[in-house]
Amino acid sequence: MTTKSDTPAVKALLFDIFGTVVDWRGSLIADLTQWSAKRGVSGDWTALVDAWRQAYVPSMNEVRKNPGRGFIILDTLHRQSLERLVVELGINGLTDDDLHDMTMGWRRLKPWPDVVAGLTRLKRDYILSPLSNGNVALLTNLAKSAGLPFDLIIGGDISGHYKPDTETYLGAAKLLCLRPDEVMLVAAHNNDLAAAQALGLKTGFVPRVTEYGPLQVRDFEPDRAWDIVARDFGDLAERLGC
């Protein structure tokens with residue numbers, strides 16, 4: 001079992017957010033179901049949420065492929081994807097305010113049950129921050145809503161890049177005035193950890209096997225020897241001596 005003594009250089013823990021820290025799927029379905037009941041709007045909210053998430057990577061890839069257009073924050077990408085998806089799914093009668101409220105649901109996501117207590121323990125010994133594709137405003141409001149005890153917020157708009165671009169990982173270490181090996185990325189996604197590891201960061205895997213609900217097809221377990229593999233954030237804190 002890997003323990004704190006095995007990772008003595010680590011000073012900061014950076015966390016993937018969507019899926020690792022928060023249950024985006026369950027939260028958005030519940031949020032939209034509650035909102036639509038009050039608003040009197042009907043729709044297949046599960047289908048919308050799943051399609052919305054499927055649009056996540058392609059929308060960021062478009063930003064990456066077109067640098068001349070400038071960096072576009074995730075709040076804006078979410079709104080653009082939503083405008084297209086409600087038409088495709090036949091969800092009618094929505095106003096501009098409705099679309100805004102729906103998009104802001106990403107700022108109201110709920111953490112997994114182990115997260116807040118685990119982060120609180122880890123905060124005693126480590127600098128804690130998101131390392132997320134979310135923009136700073138999105139992540140700040142999310143952390144406030146969910147009670148996440150981060151020390152700072154590192155969003156995609158800090159580096160002007162989306163993961164897995166090199167600038168996101170190394171830029172975070174530089175921002176903290178730390179070497180890459182003094183930083184650990186904690187994520188539920190093997191591909192995110194692989195990109196970080198290739199650049200010299202330490203890695204911690206925490207599986208979230210229900211992230212995509214019945215659509216989950218990967219990340220049930222680690223696919224290589226990460227520095228730490230933990231059951232949840234409480235186990236992560238235990239392994240890091242917190």
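**Reading the labels of a predicted model**

Colleague: What makes Asp219 count as buried or exposed?

Modeller: Asp219 has a relative accessible area of 11%, and buried means under 20%, exposed over 50% and partly exposed in between, with a 1.4 Å probe and protein chains only; Asp219 is therefore buried. The model is predicted, so that local features need pLDDT of at least 70 and side-chain atom pairs pLDDT 80 or more, while totals for chains, interfaces and linings use all residues. Residues are numbered from 1 along each chain as its sequence is written, and side-chain values use heavy atoms, with hydrogens and water left out.

Colleague: Where is the place of Asp219, and what is its phi?

Modeller: Asp219 is placed in the loop between β4 (202–205) and β5 (228–229), where helices (H or I, at least four residues) and strands (E, at least two) are DSSP runs numbered from the N terminus. The phi of Asp219 is positive, about 65°, although Asp219 is not a glycine. Most residues other than glycine have a negative phi, and most peptide bonds are trans.

Colleague: How do you know whether Cys177 counts as buried or exposed, and what is its phi?

Modeller: Cys177 has a relative accessibility of 70%, and therefore counts as exposed. Its phi is positive too, at about 55°, although Cys177 is not a glycine, and Cys177 sits in the loop between α9 and β3 (183–187).

Colleague: Is the peptide bond from Lys163 to Pro164 cis or trans, and what is its omega?

Modeller: The bond from Lys163 to Pro164 has an omega near 10° and is cis; Pro164 belongs to the loop between α8 (156–159) and α9 (166–175).

Colleague: What makes α1 and α5 roughly antiparallel to each other?

Modeller: Helix α1 (residues 24–39) and helix α5 (residues 96–103) pack at about 155°, with their axes 11 Å apart. Axes are lines fitted to C-alpha atoms over the stretch in contact, and angles run from 0 to 180 degrees between N-to-C directions. Angles under 35 degrees count as roughly parallel, over 145 as roughly antiparallel, 65 to 115 as roughly perpendicular and the rest as oblique, and α1 and α5 are therefore roughly antiparallel. On the side of α1 the contact (heavy atoms within 4.5 Å) is made by Leu32, Trp35 and Arg39, and on the side of α5 by Asp98, Asp101 and Met102.

Colleague: Why are α1 and α2 called oblique to each other?

Modeller: Helices α1 and α2 pack at an angle of about 135°, with their axes 9 Å apart, and by that angle they are therefore oblique. The contact includes Trp24, Leu28 and Ile29 of α1 and Trp45, Leu48 and Val49 of α2. The residues of the contact of α1 with α2 divide into 9 nonpolar, 3 polar and 3 charged, where Ala, Val, Leu, Ile, Met, Phe, Trp, Tyr, Cys and Pro count as nonpolar, Asp, Glu, Lys and Arg as charged, and the others as polar.

Colleague: What makes α2 and α3 roughly parallel to each other?

Modeller: The axes of helix α2 (residues 45–54) and helix α3 (residues 56–65) cross at roughly 30° and come within 4 Å, and α2 and α3 are therefore roughly parallel. Trp52, Arg53 and Gln54 of α2 meet Tyr56, Val57 and Pro58 of α3 in this contact, which by class has 4 nonpolar, 1 polar and 1 charged residues.

Colleague: How do you know whether Asp75 counts as buried or exposed, and with which residues is Asp75 in contact?

Modeller: Asp75, which lies in helix α4 (residues 74–88), has 8% relative accessibility and therefore counts as buried. Leaving aside neighbours within four places in sequence, Asp75 is in contact with Thr103, Met104, Arg107, Asn135 and Leu138.

Colleague: Which residues of helix α10 are buried, and against what do they pack?

Modeller: In α10 (residues 190–198) the buried residues include Asn190, Asp192 and Leu193, and the buried residues of this helix pack against α9, β3 and β4. Gly200, with a positive phi near 100°, follows α10.

Colleague: Into which domains is the protein divided?

Modeller: The protein is divided into domain 1 (12–23 + 109–240) and domain 2 (25–107), with bounds that come from an automatic or database domain assignment. The centres of domain 1 and domain 2, taken over C-alpha atoms, are 23 Å apart, and the contact takes 25 residues from domain 1 and 21 residues from domain 2.
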